[in-house]
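Here are my notes for a student who is meeting this structure for the first time. Please keep the sequence and the 3D view open while reading, and check each point against them.

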Amino acid sequence: MIGTAETPYAPIARSEPLVRALLGVAMITPLMISVVVESPVPIDTRMEAALLWILCLVPAWSFLGKSRERRRPIPFIPMIGILYGIYFALPAALGAYNQHYRIVLSPRRDYDEAIFVALAGWIALTAGYFAASLAARPNRKRQKMEVPDAVRMRYGALLMVGGVLLESIRLVSNIPVEIAGILKFIGTLGWFGSGILIALLVQRRLPLAFRLLTYGGSAAFLLMSIGSGSVANAAFYGAVVIMSAWIGRGHVKVSWIVSAFAGLVLIIALRGVSDQYRKIVWVGGEGGGVVSRTKLFFKLLYTRVELNGVDGAIKMGFETSAGRSANLDLLADVIIRTPSEIPYWGGETYLSLAGAFVPRVLWPDKPTKELGQAFGHRYTYIGTNDFGTAMNLPVLVEFYANFGFIGVIFGMAIVGGIYCILEGIVNNPDQDVMLSLIGVVILVPLADIESDFSLGFGGLILNGAALWIVLRTIRRSGLRRDLQAGANTRPLGLTTAPRSS
């Protein structure tokens with residue numbers, strides 16, 4: 001059971017050409033639909049949105065076309081492109097409009113400029129990425145730091161158990177704000193521990209006790225995420241699980257794809273009853289502990305299924321998700337009202353970055369981040385006396401609200417450059433598994449492009465430094481174990497005096 005063999009990164013599946021063919025169909029289908037669909041959204045706008053959709057899927061197409069030796073272990077930019085396309089291109093390409101639950105637009109005139117801004121933003125992001133890759137020094141081939149399985153199991157179990165315990169404490173107790181951030185980060189270390197154990201699990205290199213721990217810890221993280229009311233957080237943890245299994249196994253099994261799809265459908269269905277849950281727990285203060293709140297969430301879903309059937313529950317979940325994530329509607333409304341009705345923010349939303357590099361325990365009076373409330377009140381999406389509702393401010397919309405079109409161009413180019421730098425550190429072809437797992441924990445949360453810039457990128461330096469220390473500690477522990485094992489197994493040499501001639 002003890003070993004150090006690293007698993008090479010293999011294709012996604014043996015049917016990879018079929019996967020790439022299906023992706024090609026997905027790329028061009030919205031363009032074909034945009035031509036024939038009847039919608040008040042103008043045909044030129046729909047075709048421009050279809051073009052943006054194609055450009056967003058180009059990174060995934062390129063990723064699948066590379067040999068495994070040249071492929072990055074984490075499909076980060078393909079994931080960003082798919083999400084960007086879903087949020088800002090696909091609805092308009094299919095002729096959809098007025099999906100946001102708080103915004104009403106004119107489909108004939110209000111989407112054209114928003115699609116153009118979103119297209120310019122994606123082009124700027126890719127340009128910033130490639131500019132940073134050209135400016136960076138060529139990556140030297142790094143020596144792989146292999147870690148024995150016993151060391152991985154020990155640290156993986158320690159981090160997972162510690163993360164589960166502290167996350168449960170954070171959810172059920174009134175934690176002082178000075179240490180709440182630290183506990184949340186330790187929960188992130190629990191995700192890293194999960195990744196370590198899952199990678200070993202799919203390689204069939206875990207004993208029974210550790211397999212049970214891995215299953216139980218992963219289920220606990222998922223259920224606590226759901227019990228907290230954040231189904232999005234459960235989705236991100238699920239992505240960490242799938243990515244870690246991919247890295248450990250070297251390819252994705254069909255059963256994993258089916259399981260991931262089933263989990264996604266469940267999360268979408270839960271999203272359909274999330275408003276009821278939040279009114280009961282967040283507003284009414286009911287629900288009890290984290291276990292009781294998780295049961296409440298599933299009870300609400302069960303009631304919805306009884307009333308509307310499985311298909312009805314899933315459909316309502318899709319409608320709720322579309323209404324909450326209609327970022328194109330949000331962008332269009334902000335463009336219409338800024339600066340004619342509401343002045344540019346002038347960079348005020350980025351002021352919280354000044355304290356992002358200082359832990360609250362060292363700066364107790366650090367201002368709390370309430371941008372979701374500020375944005376909602378500024379654009380009258382929430383009532384004046386409503387202090388319990390927050391609106392997501394996607395990074396693309398934030399750039400426009402602060403500086404207009406020029407802010408989108410320069411801001412998205414900066415985002416692309418940051419993506420490139422991060423990939424150069426933790427997402428290189430043929431790197432070792434432990435570094436790839438660190439990359440999963442750092443990169444997957446950045447796929448939340450519905451969040452503002454400081455929320456997404458503010459914790460990178462502190463979290464990255466702490467994760468690097470943890471990784472270095474694990475590697476040193478593994479090196480000491482190897483040296484000790486080598487000393488114990490080295491044969492004793494006998495010396496004899498040379499015979500005289």
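The numbered points below go through the model one topic at a time.

1. Basis of the model. This is a predicted model, in which local features need pLDDT of at least 70 and side-chain atom pairs count only at pLDDT 80 or more, while totals for chains, interfaces and linings use all residues. Residues are numbered from 1 along each chain as its sequence is written, and side-chain values use heavy atoms, with hydrogens and water left out.

2. Leaving out residues up to four places away in sequence, F192 touches L159, M434, L437, I438, V441, V470 and I474, where a contact means heavy atoms within 4.5 Å.

3. A buried loop residue. I74 is found in the loop between α2 (43–65) and α3 (76–88), the helices (H or I, at least four residues) being DSSP runs numbered from the N terminus. I74 counts as buried because its relative accessibility is 1%. Its contacts beyond four places in sequence include M243, I247, E423 and L443. I74 and W246 are 172 residues apart in sequence, yet 8.9 Å apart in space, C-alpha to C-alpha.

4. A serine inside a helix. S244 is found in helix α9 (residues 231–249) and counts as buried at 1% relative accessibility. A polar atom of the S244 side chain lies 2.7 Å from the backbone oxygen of V240. Among the residues that S244 touches, not counting those up to four places away in sequence, are G195, I198 and L437.

5. Backbone points to check. The peptide bond from T338 to P339 is cis, with omega near 0 degrees, and P339 is in the loop between α13 (327–337) and α14 (371–378). R204, which is not a glycine, has a positive phi near 60 degrees; R204 is exposed, with a relative accessible area of 68%. D430 is also not a glycine and has a positive phi of about 65 degrees, and this residue counts as partly exposed at 35% relative accessibility.

6. Salt bridges. How many salt bridges are there by this rule? The count comes to 6, a salt bridge being a side-chain nitrogen of Lys or Arg within 4 Å of a carboxyl oxygen of Asp or Glu. D333, R337 and E341 are linked in a network: the closest N and O atoms of D333 and R337 are 3.1 Å apart, and R337 meets E341 at 3.2 Å, N to O. D333 and R337 both lie in helix α13, 4 residues apart, about one turn of the helix. R337 counts as buried at 10% relative accessibility, whereas E341 counts as exposed at 52%.

7. A bridge between distant parts. R475 forms a salt bridge with D432, the closest N and O atoms being 2.8 Å apart. The pair links distant parts of the chain, with R475 in helix α19 (residues 460–489) and D432 in the loop between α16 and α17, 43 residues apart. D432 counts as buried because its relative accessibility is 4%.

Terms used: Helices (H or I, at least four residues) and strands (E, at least two) are DSSP runs, numbered from the N terminus. Buried means under 20% relative accessible area, exposed over 50%, partly exposed in between (1.4 Å probe, protein chains only). A polar contact is a pair of N or O atoms within 3.5 Å; within protein, one must be able to donate a hydrogen and the other to accept it, and residues adjacent in sequence count only if both atoms are side-chain atoms.
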